Amino acid sequence: MTDNNALIDEIRAILRNRSRKAYVRSFGCQLNVSDGEKIKGLLKKMGYEYTENENETDLIFHNTCSVRENAEDRVFGIVGSMKHLKELNPKLVIGISGCMTAQAHIPDKIRKSYPQVDFVLGTSAIHSLPELLLNALRGQKFSADTEEYAGFSEGVEQVRESSFKASVPIMFGCNNFCTYCIVPYVRGRERSRRAEDIIREVRELAEQGYKEIMLLGQNVNSYGKDLEGGIDFPQLLRRLNEIDGDFVIRFMSSHPKDASRELLDAIFECKRVAKHLHLPVQSGSNEILKKMNRRYTAEEYLEIVDYLRRRDPDFSLTTDIIVGFPNESDEDFEATLELIKRVKFDNIYSFIYSKRTGTRAAEMEDTISDETKSLRMRRLLETQREISTEHYKRFMGRKMRVLAEGESKRSKGFLTGKSNEFIIAEFSGDSSLIGSFVDIEVTETKNWAVIGKIIEK
């Protein structure tokens, strides 16, 4: 492997008497944001400083998403608009990375149609950034590394976006091949990091005072299945729970087919693990779930919910739902509505199905009109709004532990944050509390949040 330290030294020498401002923008999921933090860490090591103004930068780096085709179209629109920046500053370096670049045809399309781009970096090739950047600084017109590497960028310093919340990827890729999803094709098959590396990273974050640590993966529940002699996800949670510090552990995303009793028990028994589970159901129709290749039934999903609610009737659940999957019937949609009424999710993240080229669902016939899909989405949101309005009342008068994350945009003099249950909470408080845990008493509930007052100690 190329000696990155030598390459970084050479880059620093080239940049010694030049402006070194970098603009880095990450699109999409939290895994992408985490990758962007590592990219920033490498650039910092090379001597770059960061700016939020792409008009005054010497390096522009777009870390892309490809979950939906309109996300790609948006990136290409942005890249196209950067042509004039290159004309104004010929020394400007432009790089593209992320899931979009992992598709075989994309690097060639960029090379042919967007000559202002200097290099393309694949999702598992972050270690190649110094080499590709050096090529650009030396005047090479275009270079790319989109190979799929088995290793991870361990030891790379991350420039984290928050001083109190941190994301820690525990695995990459996906083996599930849901028919609507492009991720397995752009992120590769499941690859788990060593437990020792994850535990060390979380311990260091706890020692630095981070309050929320989010474990990331396309399906964290299947962590460790590819490691010989390794531990599984419930065991990893228990190991992380033993680390000293005042912090909460969260994780996403979870696949229902791998939500074992061992995992559910670990959530309840580990004091640092948040009492909340984001469990994407996608549909309440077994017919649609089968077409999606989700590999569970609505009944099996409800068994998980029932087990959680037997242990704690007020346990917090959130989910993802796709509306208007190809040929979703009225009966299929009604089954989804019945499921959300039965479960009483605290929140849902809903999406109207959009065709994604490269997936199996994109080849399915779809006779549902856009108008029908929009009407169903409105009904879904209205139903969930009614559920949330009623369900949030269970928190009235209760004590909640909340991580204060920032100032409220709705109410002057109020702070906002999330509770252990992943419920948005707003409360009167000074900005000095941002980044710390506070206890509040809930005095009012909305359909999107709870309102409370700080309990004085």
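Buried means under 20% relative accessible area, exposed over 50%, and partly exposed in between, computed with a 1.4 Å probe on protein chains only. The views below come from a predicted model, in which local features need pLDDT of at least 70, side-chain atom pairs count only at pLDDT 80 or more, and totals for chains, interfaces and linings use all residues. Residues are numbered from 1 along each chain as its sequence is written, and side-chain values use heavy atoms, with hydrogens and water left out.

Arg 295 lies in the loop between H11 and H12; helices (H or I, at least four residues) and strands (E, at least two) are DSSP runs numbered from the N terminus. With a relative accessible area of 46%, Arg 295 is partly exposed. Its phi is near 65°, a positive value in a residue other than glycine. Gln 282 is not a glycine either, and has a positive phi of about 70°. This residue belongs to the loop between S12 and helix H11 (286-292). Gln 282 counts as buried because its relative accessibility is 7%. Most residues other than glycine have a negative phi, and most peptide bonds are trans.

**View B. The cis peptide bond from Met 252 to Ser 253.**
The bond joining Met 252 to Ser 253 is cis, with omega near 0°. Ser 253 is placed in the loop between strand S11 (248-252) and H10.

**View C. Ala 274 in its loop.**
The loop that holds Ala 274 runs between helix H10 (261-269) and strand S12 (276-278). A relative accessibility of 3% makes Ala 274 buried. Not counting residues up to four places away in sequence, Ala 274 touches Val 248, Ile 249, Arg 250, Ile 267 and Asn 420, contact meaning heavy atoms within 4.5 Å. Ser 419 is 145 residues from Ala 274 along the chain, yet their C-alpha atoms are separated by 8.8 Å.

**View D. The buried face of helix H1.**
Helix H1 (residues 4-15) has 12 residues, which at 1.5 Å a residue should span 16 Å, in agreement with the 16 Å between its end C-alpha atoms. The expected span of a helix is 1.5 Å times one less than its number of residues. Leu 7, Ile 8, Ile 11 and Leu 15 are the buried residues of H1. Seen down the axis of H1, these residues fall within an arc of 100°, so they line one face of the helix; the arc is that of the directions from the helix axis to the C-beta atoms. Their cover includes helix H2 (30-46) and helix H6 (129-137).

**View E. The two sides of helix H14.**
The 22 residues of helix H14 (residues 370-391) should span 32 Å at 1.5 Å a residue, and the end C-alpha atoms are 31 Å apart, which agrees. Buried in H14 are Lys 373, Arg 376, Met 377, Leu 380, Thr 383, Gln 384, Ile 387, Ser 388 and His 391. They cover an arc of only 135° around the axis, which puts them on the same side of H14. Glu 371, Glu 386 and Glu 390 are exposed on the other side of H14. Among the elements that cover the buried residues of H14 are helix H12 (298-311), strand S13 (316-323), helix H13 (330-343) and strand S14 (347-352).

In helix H5 (residues 106-113), the buried residues are Ile 106, Pro 107 and Ile 110. They cover an arc of only 105° around the axis, which puts them on the same side of H5. What covers them includes helix H3 (69-81), strand S4 (93-98) and strand S5 (119-121). Val 117 lies in the loop between H5 and S5 and is buried, with a relative accessible area of 1%. Leaving aside neighbours within four places in sequence, Val 117 is in contact with Val 79, Ile 94, Ile 96, Ile 110, Lys 141 and Phe 142.

**View G. Asp 439 in strand S18.**
Asp 439 is part of strand S18 (residues 437-445). Its relative accessibility of 15% counts as buried. Apart from neighbours within four places in sequence, Asp 439 is in contact with Lys 399, Met 400, Arg 401, Lys 453, Ile 454, Ile 455 and Lys 457.
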